[in-house]
Amino acid sequence: MKKVELFSDGACRGNPGPGGWGVLLRHGDTEKELYGGEAHTTNNRMELQAAIEGLTALKESCDVTLVTDSQYVRKGITEWITNWKRNNWRNAAKKPVVNKDLWQALDEQAARHTVQWNWVKGHSGHRENDIADQLANRGIDEQ
């Protein structure tokens with residue numbers, strides 16, 4: 001199975017406000033940059049969208065190390081989603097899960113791959129996370 005590193009980040013100017021997502025994909029020595037944006041969104045939606053877009057871009061099933069600076073994304077997909085699905089997409093407070101559409105899309109894309117979910121502190125000088133952040137901001141700028 002092809003090994004891929006995926007670095008994802010989301011950004012928002014105002015929350016809600018204009019937002020962007022960025023992804024740096026790496027396979028061996030090859031890097032590919034992806035980004036996009038939305039006129040009115042939230043930071044959490046853009047963090048989720050980045051991971052979804054990165055996984056969707058992979059045309060075959062891969063062994064993915066996904067690095068995000070969002071604990072919301074990492075904990076949501078590795079810890080919280082099991083109970084959300086069991087409870088018909090309701091959270092512990094019995095309220096509908098926020099961003100259910102994106103969580104379902106992320107769950108669907110993650111199922112196509114073997115994914116290891118890693119967290120890195122944002123804005124800490126991590127090269128690939130900084131690139132993903134720049135791409136997310138480009139997504140805002142270019143919409």
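**Salt bridges and helix packing**

Author: Happy to. Let's begin with Asp-63, which counts as partly exposed at 24% relative accessibility. Keep in mind that this is a predicted model.

Reader: Thanks. Which side chain does Asp-63 meet in a salt bridge?

Author: That would be Lys-3, with an N to O distance of 2.8 Å. The two come from distant parts of the chain: Lys-3 belongs to strand β1 (residues 2-12) and Asp-63 to strand β4 (residues 62-68), 60 residues apart.

Reader: And Lys-3, is that buried or exposed?

Author: Lys-3 is exposed, because its relative accessible area is 57% and the cut-off for exposed is over 50%.

Reader: How many salt bridges are there in the whole structure?

Author: A search of the whole structure turns up 10 salt bridges. As background, side chains of opposite charge can pair when their charged atoms come close.

Reader: Let's pick another one. Which side chain forms a salt bridge with Arg-26?

Author: Glu-128 does, at 3.0 Å from N to O. Arg-26 sits in strand β2 (residues 17-27) and Glu-128 in helix α4, so this pair ties together parts of the chain 102 residues apart in sequence.

Reader: Where does α4 run, by residue number?

Author: Helix α4 covers residues 127-141, and Glu-128 is in it.

Reader: Are Arg-26 and Glu-128 buried or exposed?

Author: Arg-26 is buried, with 14% relative accessible area. Glu-128 is buried as well, at 13% relative accessibility. The cut-off for buried is under 20%, which is why both values qualify.

Reader: Good. What about Asp-101, which residue does its side chain meet in a salt bridge?

Author: The partner is Arg-45, at 2.9 Å from N to O. This pair also links distant parts of the chain, with Asp-101 in helix α3 (residues 100-111) and Arg-45 in helix α1 (residues 43-56), 56 residues apart.

Reader: How accessible are Asp-101 and Arg-45?

Author: Asp-101 is partly exposed at 43% relative accessibility. Arg-45 is partly exposed too, with a relative accessible area of 21%.

Reader: Switching to packing. At what angle do α1 and α3 pack?

Author: The angle is about 25 degrees, and the axes are 9 Å apart. The two helices are therefore roughly parallel to each other, since angles under 35 degrees count that way.

Reader: What's the handedness of the crossing of α1 and α3?

Author: The crossing is left-handed.

Reader: Which residues meet where α1 and α3 come into contact?

Author: On the α1 side you have Arg-45, Leu-48, Gln-49, Ala-51, Ile-52, Leu-55 and Thr-56. On the α3 side you have Asp-101, Leu-102, Trp-103, Ala-105, Leu-106, Gln-109 and Ala-110. Sorted by class, the contact has 9 nonpolar, 3 polar and 2 charged residues.

Reader: Let me zoom in on Gln-49. Is Gln-49 buried or exposed?

Author: Gln-49, which lies in helix α1, is buried, with a relative accessibility of 13%.

Reader: Last one: where is Arg-86?

Author: Arg-86 is in helix α2 (residues 71-86). Arg-86 is exposed, with a relative accessible area of 59%. Thr-30 is 56 residues from Arg-86 in sequence and 40 Å away in space, C-alpha to C-alpha.

Technical notes
Residues numbered from 1 in each chain as written. Predicted model: local features only at pLDDT ≥ 70, side-chain atom pairs only at ≥ 80, totals over all residues. Heavy atoms only, no water. Helix = DSSP H or I, 4+ residues; strand = E, 2+ residues; numbered from the N terminus. Buried < 20%, exposed > 50% of the residue type's maximum accessible area, 1.4 Å probe, protein only. Salt bridge = Lys/Arg side-chain N within 4 Å of Asp/Glu carboxyl O. Axes fitted to C-alpha atoms, helices over the stretch in contact; angles between N-to-C directions. Parallel < 35°, antiparallel > 145°, perpendicular 65-115°, else oblique. Left-handed = near helix turned anticlockwise from the far one by under 90°. Contact = heavy atoms within 4.5 Å. Nonpolar A, V, L, I, M, F, W, Y, C, P; charged D, E, K, R; others polar.
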